[in-house]
Amino acid sequence: MFMGDENLRGAGEKILMTPEQMEILVKCSQDIFEFVKYFYICTPKGFEPMPLRDYQERMIRGLMCDIPEKPHRIVMVGRQAGKTTIATLILTWWALFNKDKSIFMLAQVKGQALEALSRIRDAYQKLPMWMQQGVVKWSSDTIELENGCKLRASANVRGKTIDYLFIDEYAHIPNKEAEAFNSSTLPALASRPDARMIIVSTPLGMNHFYDMWQKSINNQNNILPIKIQWYDIPGRDEAWKKQMIALTSEKQFAQEFECLDGDTEVEVCDDNGFEKKMSLKELYELEMIQNT
Ligand SMILES: Nc1ncnc2c1ncn2[C@@H]1O[C@H](COP(=O)(O)OP(=O)(O)O)[C@@H](O)[C@H]1O
Ligand SMILES: [Mg+2]
């Protein structure tokens, strides 16, 4: 055990495995959909192995498939879709079944990255001991494993060497941080053939996430775009949409749930209650004018 924690395998700790366990371990290392059967998350029913939803399965397939000319991925998906949960699953799988990799979880603020890492710690402690790698370091922002993989959570990756990077809610990362990332970390990462980057976000106006998404859908980079629709998520139908618009606004719904791009026309009510069509771009511009 690691530092008296009986749920963690210590570095150098030998564990006898049955042939069945060996077989499972090999399968899990080759297939994340086998591994997910052992990956616990907190659901309304309590802690249980993650019951993958159809769209989450599609999302993972899109994220994990091997396309040499498009090694990186960008996913546009509405709010509360289980994005961070997918991140924790993928990061844990990367860390367990690789060797000597530097793996980062980048989020808008450090607290968010740490919260994701704490979910990873909970899931890791629930893995069977024979599936775990021995733990070398176990702190609030770092998990270091005996296979040489280091998993770190951060709000800033400047100057770091990174093999695998997961960026959660990229659109919400402050502009300054995103610019620094785009000018230094991204080119270094993109130039390494075996590095991987996954960006997942809800859109937030026409900012750096929007730009990267546009470049990806126009085939101007080596990032494969993936979009998950709001109605893919169970329980979200027209009635739910109406309710959400009443709680927020057409624009907010179009942006945060429908993930529409700037040229898409949406129907909005003007101050006099008349419905009219406007592009999302015009709406953003209008909002910027109103806010200045
Ligand atoms: N497949 C799933 N089944 C059950 N609960 C899930 C599933 N995926 C995510 N959750 C739960 O839904 C909640 C929100 O997930 P989260 O990943 O934080 O969403 P997001 O990052 O998109 O806002 C969390 O409590 C998480 O454990
Ligand atoms: Mg999240």
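**Why these labels?**

Colleague: Why does Asp100 count as exposed?

Modeller: Asp100 has 9 C-beta neighbours inside 10 Å. The rule takes C-beta atoms placed from the backbone and looks within 10 Å of the residue's own: 20 or more others make it buried, 12 or fewer exposed, and anything in between partly exposed. With its 9, Asp100 therefore counts as exposed. One caution: this is a predicted model, where local features need pLDDT of at least 70 and side-chain atom pairs count only at pLDDT 80 or more, while totals for chains, interfaces and linings use all residues. Residues are numbered from 1 along each chain as its sequence is written, and chains are lettered from A and ligands numbered from 1 in the order in which they are written.

Colleague: Why is Asp232 called partly exposed, then?

Modeller: Asp232 has 17 C-beta neighbours inside 10 Å, so it counts as partly exposed. Asp232 sits in the loop between β10 (223-228) and α8 (238-247); those names are DSSP runs numbered from the N terminus, with helices being H or I of at least four residues and strands E of at least two. In space, Asp232 and Tyr55 are 6.2 Å apart, C-alpha to C-alpha, though 177 residues separate them in sequence.

Colleague: And what makes Glu169 buried?

Modeller: Its 21 C-beta neighbours inside 10 Å, so Glu169 counts as buried. Glu169 belongs to the loop between β8 (164-168) and α6 (175-190).

Colleague: What makes you call β4 mostly covered?

Modeller: 4 of the 5 residues of β4 are buried.

Colleague: Which residues touch the most other members of the largest nonpolar core?

Modeller: Leu91, Met105 and Ile199, out of 60 residues. α4 gives the most to this core, with 7 residues. To be such a core, a set needs buried Ala, Val, Leu, Ile, Met, Phe, Trp, Tyr and Cys residues joined through C-beta atoms within 7 Å. Leaving out residues up to four places away in sequence, Met105 touches, among others, Ala87, Leu91, Ala113 and Phe166; contact means C-beta atoms, placed from the backbone, within 7 Å.

Colleague: Which residues come nearest to ligand 1?

Modeller: Thr43, Gly82, Lys83, Thr84 and Thr85, of the 15 around it. A residue is near if its C-beta atom, placed from the backbone, lies within 6 Å of the molecule. β1 (40-43) and α4 (83-96) each supply at least two residues of that shell.

Methods. Two residues are in contact if their C-beta atoms, placed from the backbone, lie within 7 Å.
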